[in-house]
Structures are given as C-alpha cells and as structure tokens.
Amino acid sequence: MGRITLDKVSKSFGDVEVIPPLDLTIEDGEFTVFVGPSGCGKSTLLRLIAGLEDSSGGHIRIDGNDATHVPPAKRGLAMVFQSYALYPHMSVRKNIAFPMKMANVPEDEQNRRIEAAAIALNLSDYLDRRPGQLSGGQRQRVAIGRAIVREPAAFLFDEPLSNLDAALRVGMRLEISELHERLQTTMIYVTHDQVEAMTMADKIVVLQAGVIEQVGSPLELYRAPRNKFVAGFIGSPKMNFIEGDEAAKFNAHTIGIRPEHIDVSDTEGQWKGTVGVAEHLGSDTFFHVHGTGMAETMTVRAPGEVNLRHGDVIHMTPRKDQIHKFDAQCLRIE
Amino acid sequence: MATQHSRSAARLMMAPAVVLLLGWMLVPLIMTLLFSFKKYIPLRGGDLGWVGFDNYIRFVTSSAFWPSVSATLIVVGGVLIITVIFGVLLAILLNQPMWGQGVVRILVIAPFFVMPTVSALVWKNMFMDPVNGLFAHLWKFFGAAPVEWLSQASLQSIVMIVSWQWLPFATLILLTAIQSLDSEQLEAAEMDGAPPVKRFAYITLPHLGRAITVVVLIQTIFLLAIFAEIFVTTQGSFGTKTLTYLIYQRVLESQNVGLGSAGGVYAIILANIVAIFLMRMVGKNLDA
Amino acid sequence: MARSVTTQRKIINTAAAWTVGMLIFFPILWTVLTSFKTEATAIADPPVFLAFDWTLENYSTVMERSDYMRFLWNSVIIAGGSTLLGIIIAVPAAWSMAFVPSKRTKDILLWMLSTKMLPAVGVLYPIYLIFIKMGLLDTRTGLVIVLMLMNLPIIVWMLYTYFKEIPGEILEAARMDGASLKEEILYVLTPMAIPGIASTLLLNFILAWNEAFWTLNLTAAKAAPLTAFIASYSSPEGLFYAKLSAASTMAIAPILILGWFSQKQLVSGLTFGAVK
C-alpha cells in the first residue's frame, strides 16, 4: 500500500515561504512525477514527504496515518538520490543489505532479497565490488536495488537520471518504468526534464514557485494546459505564443500553438515569415521563423523532407482545433 | 536544511564540546580576574582582601615590567622577521625543480617535531656551551674567543633557538601557498616581459601576502607564550624574562598570585588583540 | 605546466637545497650521532663527526638510571588519552556543525578556535588551584583532561573540514534506510572519514606529545612525561652529552617519524584552513 495525502502542507525557510499550503493526493500504485523549473520547490516537496525536512504546516498522511512528525526511517519510504548516495566503503552487497540490516531482517531473508534484486537489476556479477568501481548506470541500479529490498510503501526518486549521459538516461528511464509495471508500487519522481515526465508518469504535477500549476495525466496536460506556464513547459519544442491583433481575432489575450500543429508550405498559408535556423533531425525538421510580425521567433515542425532554407519565405497555417487560448491572467479559455 | 529532530540532536551532540570549552575558558578566566583584584599570597596569609587596581598598577610599575616587555618584543619580533624572510626564501628554493625534493622537505620540517625541551637542551649544551659546545670549537678553530652565548648574547640565543623551531612551520605554510600559485600567471607575466625579480615582486609576493599574515598571527600567539625554551636555558636570567616568564615567576616562584594574575590579564588582552585579526581571516575563509 | 629546466640549473637548485636542508637538520643529526659516542668522544676537541667507535652504552645507561620507560609510558598515556578523548567528544560536535549548520555554527566554530588563543600562563594559577582541590596535580588524568581541552578546538576544526567533504545525501540515504543517529555516525560517517580522523589523531598526538607548559608545571615525579624528563637534564655542563643525546633521541624519534607523515595535516590543522 502507498497512498500519500498532503493536506495544506507548507514549508518556509526562515521568513521565505518556498511552498505555500498545498493539497495533493497520490494514489496507491501511481507513478507520479513532480516537474518544474529548478527552484520550483519540487525537491523540497519530495524531501517533506521523505521526512528529511519538517513541514512548516499541514499534514502528511501515508495510507491514512498521520506521518507529519514521523522520522524518515519510520515512514516506510525508500529514496533514490541524485548522487545515488551509495556508501563508498561498503561493497554493493553490503550497500543493498544496509536498510535490511538496520531493520534487523534475518540474514537468509536478506540474502534472498539481495539475490532477487541483483537478478532483476542485472547486478549479480558486481555484488562484491565497491561503488567506486562501477559505472554511472550500475551505481544507479545499486541505488534502486537498495530501495527495492526494503519493500517500501513508496519509492521516492530525486532527479535520479541527471548525472547520467544522454544514451544511458533513455535506457534507465525504461528500466524504471518497467520496474514500476512489475512492482505496481507507488513512485514519486522529481525531475526538471519534461520529457522524463511525459514518458514515465501516470500523473504529472507541474510546480512553479512552490505552487501546483496543474495535476493530470501527460496527455491531459498536453491537450488542455490549464495556463500559459503549463502550456509552455509541457511539450518540446515549446509552444509558440502570439499576442496582440492576431490573438484578438480569437477573442483571447494570448494564443498558443504547438510547432507540430502548424502546417508548412512554400507557396501559401495563413501566416508568412522568413526561415532563420533550420534544424534537420531526419524524421522532422524544425524551422525557426522570423519576421512574422506576431512573435519574435516562431518554431514550426515540418516533415523531414521539406525543401526550405535559411532566408526562404515560409507560409504557415495553424490547425484551428489545436489553438490554445489564454486570457490576460494567463488562464486557459475554453 | 534539516528537520527539527536532527537540529535538536545536533544541539545535543555539540553540547559536550561547547560546555567543556566554555568551562575551560570561563572558570579559570573568572578566577584570574578575581585574583587580580586581590592581595593574594598563598604562602604568606593567603587571601588578604580586595585591593582594586593595585596589582595592575604594581605589575606595570615594577622594575621588571619594561625589560620584560622589551624582551618579549625582541623575541617575538626577531623570530617573526627571521622565520618569515628565511621561510619565503626557503619555500621558493624548495619549489624549484631538483633531485630529492621530498627528502629535503623532510629535513627542513624536522625541527618542528622536536619537543621544545629537547631543542632548548640540545642547543644550550651541545652548541652554545662556552667550553664544550660546537660553536666554541668552531670559534676556537678560527682563532676567536668562544662566546658565552646564553649570558653574553642571551636574547639573541633564544631568538635563534626559537627561530630554528618555527622556521619549518613558516616554510611549510609558505610552500603550500606558493604551490597553489597558478603557474600560468607566472608564464603570462613572463610573456609580458617581466624579469624574474619583478615576477617575484608583483606576482609571487602578493600571492603570499595572505599566507605571511597567517604565519605572523599564528606564530605571534605561540611566541607570546614561549616558556620551555627559557625555562630550560636561562630560567629568565640575563634579560630573557619575557612577559610570560615574568608572570610565571610571580605566580609560581614568588607565589604572588594577585600580582601574577594582573599580569595574566594583560597577557590575555594582548593575545586577544592578535587573535581577533586571526579569527577574521579564518572567518572569511569559512564563508568561501 | 611543468617548465623545462636546464640540467645545470637543476644541479644548482639541488646543491643549494640540500645544503640548507642539512644545515637545518644538523642539530638533530648531531644529537643522534652524539648519542652513539662515549662521553669522552662527545666533547672531543676538535669534534669527531663519524669516525668514532659506535656504542649503545648511553641508551642502556639512560634506560637503567632514569626509569625512562615510566616517562615514555606517561607520554604515551597523556598524548594518546587526550587525543582519543578529544576525538570522542569532537566527532559528534563536528557532525553537527558539518551536516546541520545553523546561523550560529560559524560563530561557535570561531569561538572554539579563539579559546586556543588564551595564553596558558594567564590561567596557570587557577588551574593549579583546581588541580590541587580535585587531587589532579601530578596525575596523568589531570594532564589528559588539560591537553584534551587545549587541543579540542583543533580536533573539532579538522574533523569539521573533513566531514564537510562528505556529501550530506549519503547520510540522508542512511536515514532513509532506517539508520538511527548513532548508526548513521558509526556505520556510515566514521568509516567514510577514516583518513581524516587518522590525520587528526596523528597531528594532535604530536602536539600533545610535545606540549611543554602544562606538562612541566602540573607534574612532579609521578605523572611526568618525556618533556619533563628531558628538562631534568637541564644542567649536565658537558658531563653527560652522550647520555643527554641518547635521552633526547629516544624522546623525539617516534614523533619525528609520525610528524613526517603528517606534514599536510600540519598546515590545515594549525592554520585552521586559512592556507590551502
């Protein structure tokens, strides 16, 4: 079980309120991602749930029990840190065994769980090595192994992939997702990378300045961002925002259109501009367009084979049903 | 960045060290302060009542006071000048490429690890003894009359012994500082056409400024408290009575605790003035 | 980048450095050499450098006559005891400062260092009086306590700087893994900080071993360590140079060797990190 409820939880450091009172429920077995720019309070929120920080107000409930003042060790949660935080003086086996040793799990049960975790995480050959002798990805797996053997109510991940190189990151992302499919345990995952959020989450919590901007499934957030911030944060490349006369035509203060929702032509279209930088990815091409008179730069996606170059005139037509409208308070207009 | 729980645990775990040091500082300090305002002579009646600032006045007006101040200044100043100048030169020399650098460094550092009583004793007998000392042999070899070092040149002798003990410390710190100097800076200066002497004056020396200040402050604090070297060699005679030694004699030899305590308070104030500057530098370092 | 240097310059450097090094080291070398001479050779004029009949006689005489082993044992107990006790008190304090810093941490640290600056002579009599009252005069316990208090600031400081290099996340991981505070310090922090703790031990052992104010003034016959033992050779007037040298060599040899191993810690420890 692992249902976590935050009830008016807040956090201040001295006079600075980093998290105003917020409510959030994370259902049992759910993969929840906290995402937001750096300094948005997502890590602090995770540490409040872990018990590594005291909340300044409100209640944290784990499976209905008030855990607000329970020390981290007693909350039944496991955490994977950004730096992996492996014990450098212990072998991989001892690292994984440590939480069980602290909990006085019998030795043969310890060994059984270590073997199982080692097989699941492909670590069997490395059990007697020290963390210093492992690669980044292997260390990451040891950290996960150490979390698994505790059989926690929920896993907490604090930007676990940010120290890995790009290729490994994709692999580990999959492994963590598969782990979640297998264990069906609650996972809370903090990242600043919206791609990780989109690909892994059942539920995304978008945070900014300690405030929850929106909670929802990846596609909900993609299709119906509640405000301009979420619209700009979710999706890559970023949504284009247009203000002024063009927006007024739609009875909005600002309209937003994603690069993938604009059709491109070299002959005719609703909007016209000049191609700046063209980024060819093979499957797709992204054009950075200037001189539209609506926004300084617009990004549009075109199929890989469009033959437009730097300096060429480009015509663009937005798909009407994909235009997002926002009012002066940046809130979504339906 | 912590919980209430760990903060209170931290306070609890810091308590023994803080309480012990607080006691170690306050109890004797308060007692010294109290004694300094009393006529207190344990062997002749003990506590003879309050006397106000009498002890403070008597301490500075006694015939031994000014000579002790000048002896202290000569010892501290002399040792500082010698160790800083030779320390800089030695550090530069040791930083040059050579064979057996490690061994030379070990040889140079060795005196610091010799206990003060041993170094005082060795210098006093085996080098400075006017009959059998090595210096006496040397002087005779060149046809000069041996010098009675510890009586004729007593303060200079003490300065020499103490300098020998502290030169390694100065050298080691200055060497550490020199090694942290970015060699590209020197190469840039060389490319700019600065000759070696100017490179030293404009780049190396300013870089060493901080280290030299630290050497001066730390050594001053230790040098003000020099005791064993004088205790073993001259017992304070021949003008080698420093402030520390004078206070020691007042307290333990003539058992005039009131007077000695007043002297002690002077010494504490003096040391604190130096300490404030040192603490400022350490404090800055804490922020960095 | 290392600069290429002509061999000629390197030879000059080497010669100069070795000459200066030998000159500085000479008093120690001379003491060691003299300790192997007979008393007559020790004061021979002109002095004999190496060509003498080496003898161990002085060492055996010193050991027999002066109860050297007792002084040595006192030194070991006092230096070792004060250092160990200091470490035990300092580890929790340094943990607190390094991992749960507050606004006051820096001030407390600086204040601790400042107690090190208090001139001993200023508080000699109060300590003397307290020692008499508590029956600590001329006891090893008394000196262990005083030297521990004297070096505690340096021990706390050194441990603090070593602990600060350990990432706090590892300790948090231990906390998440269910370790109590005691287990966190015992199983995670201490093993990780072993190198730092070892050098702290080493340097403070040396400082305590060589301490020569309290050891001279608070001991008499019973608890006197080697510093006091050597001071008792104060006036041999050329009669016992060889034995004096043997005694001195025995007093400094172990510490000299330890000291050479702890050069680096010396800088960081004694300057409180103000020079790196």
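Q: How do the axes of helix α2 (residues 92-102) of chain A and helix α3 (residues 107-120) of chain A meet, and at what angle do they cross?
A: In this predicted model, the two axes come within 10 Å and cross at roughly 130°.

Q: What is the handedness of the crossing where α2(A) passes α3(A), and which residues make the contact?
A: The crossing is right-handed. From α2(A) come Arg93(A), Ile96(A), Ala97(A) and Met100(A), and they meet Gln110(A), Arg113(A), Ile114(A) and Ala117(A) of α3(A). By type, these residues divide into five nonpolar, one polar and two charged.

Q: Why might residues three or four places apart in a helix point the same way?
A: An α-helix has 3.6 residues a turn, so residues at that spacing point the same way.

Q: What makes Asn122(A) exposed, and where is it found?
A: Asn122(A) has 12 C-beta neighbours inside 10 Å, and therefore counts as exposed. The residue sits in the loop between α3 and α4 (136-148) of chain A. Phi of Asn122(A) is near 65°, a positive value in a residue other than glycine.

Q: Which peptide bond is cis, and what is its omega?
A: The bond from Ser236(A) to Pro237(A) is cis, with omega near -5°. Pro237(A) is in the loop between α8 (228-233) and β11 (240-243) of chain A.

Q: How is chain A divided into domains, and how far apart are their centres?
A: Domain 1 covers 4-226 and domain 2 covers 237-333. This division comes from an automatic or database domain assignment. The C-alpha centres of the two domains of chain A lie 38 Å apart.

Q: What does chain A contain overall?
A: Chain A has nine helices and 19 strands. Its C-alpha atoms fill a box of roughly 75 × 45 × 35 Å along the principal axes. Of its 334 residues, 40% count as buried. Among contacts in chain A with a separation of 6 or more, residues 24 or more positions apart account for 64%.

Q: How many helices and strands does chain C have?
A: Chain C comes to 14 helices and zero strands. Its C-alpha atoms fill a box of roughly 75 × 65 × 35 Å, taken along the principal axes. Of the 276 residues of chain C, 54% count as buried.

Q: Which residues of helix α6 (residues 124-133) of chain C are buried, and what would each need for that label?
A: They are Leu124(C), Tyr125(C), Pro126(C), Ile127(C), Tyr128(C) and Phe131(C). The label calls for 20 or more other C-beta atoms within 10 Å of a residue's own. Just after α6(C), Gly135(C) takes a positive phi of about 65°.

Q: How many residues of chain C are in contact with chain A?
A: There are 14 residues of chain C, in contact with 17 residues of chain A. On the chain C side, α8(C) gives the largest share, six residues. The residues of that side divide into eight nonpolar, one polar and five charged.

Q: How many residues do chains B and C bring to their contact?
A: Chain B brings 92 residues and chain C brings 86. Helix α1 (residues 4-36) of chain B gives the most to the chain B side, with 19 residues. The residues of that side divide into 72 nonpolar, 18 polar and two charged.

Technical notes:
Residues are numbered from 1 along each chain as its sequence is written. Chains are lettered from A and ligands numbered from 1 in the order in which they are written. This is a predicted model: local features need pLDDT of at least 70, side-chain atom pairs count only at pLDDT 80 or more; totals for chains, interfaces and linings use all residues. Helices (H or I, at least four residues) and strands (E, at least two) are DSSP runs, numbered from the N terminus. Two residues are in contact if their C-beta atoms, placed from the backbone, lie within 7 Å. Ala, Val, Leu, Ile, Met, Phe, Trp, Tyr, Cys and Pro count as nonpolar, Asp, Glu, Lys and Arg as charged, and the others, Gly among them, as polar. Axes are lines fitted to C-alpha atoms, for helices over the stretch in contact, and angles run from 0 to 180 degrees between N-to-C directions. A crossing is left-handed if the near helix is turned anticlockwise from the far one by less than a right angle, and right-handed if clockwise.
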